[in-house]
Amino acid sequence: MHERHSARRGDTTSAPQFPRQDEARLDALDAALINRLQTSIPLQPRPFEQIGKELGCSESLVLLRLRRLLSEGVLSRIGPLFQIERAGGLFVLAAMQVPEAQFEAVTAQLNAIPEVAHNYRRDHALNMWFVLATETPEEISGVCAHIESLTGLQVLAFPKEREYFVGLRLEARAHAWSDHDGFEQQQGQGHD
């Protein structure tokens, strides 16, 4: 099972972690917004105004919907993907074998390290995987050594050998729900 364990601490675009729901409740605008954001965000001073125009609604409604989707845990974050090597930095996938009794404590330790982009629990002997991001390639070994001294556990670092562009998109679809959910009123107010 590939379960996302936690987002990087201090990431202002990350939503609080909620128990995972089997299915998110989305209306047509939510689904259209999620699908639109998977392609690109316009590089202009008011990108959400442009996205609102494309979707037939206001910038304020786009922002309202995004805040709600983030706060409800439907979206975990909105942010760019960088080719960090072009900027002089380095991404490295790393793993550790963490005893179950220490897992939560080690997670908290990793989340407090700015270079840890995110971490995941895996059903494997190497049960904690995480991504390290540093401003220079030389910093990676120091971050790994810091994590080892902090946790007392060995860090296995797997530098990227080749880059692949997968282009994964997950289509969001609208689902109907009843009036008592409180979104009917919101839905009717926003398409200005």
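## Briefing on a predicted protein chain

Helix α1 crosses helix α2 in a right-handed manner. The contact is formed by Leu29, Ala32, Leu33, Arg36 and Leu37 on the α1 side and by Phe48, Ile51, Glu54 and Leu55 on the α2 side. The model is a predicted one. The protein chain contains six helices and five strands, and 192 residues, of which 36% are buried.

**The chain as a whole**

- Read from the N terminus, the elements of the protein chain follow the order β-α-α-α-β-α-β-β-α-β-α.
- Where residues at least 6 apart in sequence make contact in the protein chain, 69% of those contacts join residues at least 24 apart.
- The protein chain has an accessible surface of about 12,300 Å², and carbon and sulfur atoms account for 54% of that surface.

**Helix α1 against helix α2**

- Helix α1 covers residues 28-37 and helix α2 covers residues 47-55; the two pack at an angle of about 125°, and their axes are 11 Å apart.
- The residues in contact include Leu29 and Leu33 of α1, together with Phe48 and Ile51 of α2.
- Sorted by class, the contact of α1 with α2 consists of seven nonpolar, no polar and two charged residues.

**Helix α1 against helix α3**

- Helix α3 spans residues 59-71, and α1 packs with α3 at an angle of about 90°, the axes being 11 Å apart.
- With that angle, α1 is roughly perpendicular to α3.
- On the α1 side the contact is made by Leu29, Asp30, Leu33, Ile34 and Leu37, and on the α3 side by Leu61, Val62, Arg65, Leu66, Arg68 and Leu69.
- By class, the contact of α1 with α3 comprises eight nonpolar, no polar and three charged residues.

**Helix α2 against helix α3**

- The angle between α2 and α3 is about 100°, and their axes lie 7 Å apart.
- The two helices, α2 and α3, are therefore roughly perpendicular to each other.
- Phe48, Glu49 and Gly52 of α2 meet Glu59, Val62, Leu63 and Leu66 of α3.
- The contact of α2 with α3 holds four nonpolar residues, one polar residue and two charged residues.

**Arginine 173**

- Arginine 173 is situated in the loop between β5 (156-159) and α6 (183-190).
- Its relative accessible area is 56%, so arginine 173 is exposed, the cut-off for this class being over 50%.
- Leaving aside residues up to four places away in sequence, arginine 173 touches Leu26 and Ala31.
- Arginine 173 and alanine 31 are 142 residues apart along the chain, while their C-alpha atoms are separated by 5.3 Å.

**Threonine 151**

- Threonine 151 belongs to helix α5, which runs over residues 139-151.
- A relative accessible area of 11% means that threonine 151 is buried, since buried residues are those under 20%.
- When residues up to four places away in sequence are not counted, threonine 151 touches Met96, Gln102, Val106 and Gln109.
- Between the C-alpha atoms of threonine 151 and leucine 110 the separation is 8.9 Å, and the two residues stand 41 residues apart along the chain.

**Asparagine 111**

- Asparagine 111 is placed in helix α4, residues 103-111.
- The relative accessibility of asparagine 111 is 13%, so this residue also counts as buried.

Definitions and conventions. Residues are numbered from 1 along each chain as its sequence is written. This is a predicted model: local features need pLDDT of at least 70, side-chain atom pairs count only at pLDDT 80 or more; totals for chains, interfaces and linings use all residues. Side-chain values use heavy atoms; hydrogens and water are left out. Helices (H or I, at least four residues) and strands (E, at least two) are DSSP runs, numbered from the N terminus. Buried means under 20% relative accessible area, exposed over 50%, partly exposed in between (1.4 Å probe, protein chains only). Contact means heavy atoms within 4.5 Å. Accessible areas come from the Shrake-Rupley method with a 1.4 Å probe; for residues, only the protein chains shown count as cover. Axes are lines fitted to C-alpha atoms, for helices over the stretch in contact, and angles run from 0 to 180 degrees between N-to-C directions. A crossing is left-handed if the near helix is turned anticlockwise from the far one by less than a right angle, and right-handed if clockwise. Ala, Val, Leu, Ile, Met, Phe, Trp, Tyr, Cys and Pro count as nonpolar, Asp, Glu, Lys and Arg as charged, and the others, Gly among them, as polar. Angles under 35 degrees count as roughly parallel, over 145 as roughly antiparallel, 65 to 115 as roughly perpendicular and the rest as oblique.
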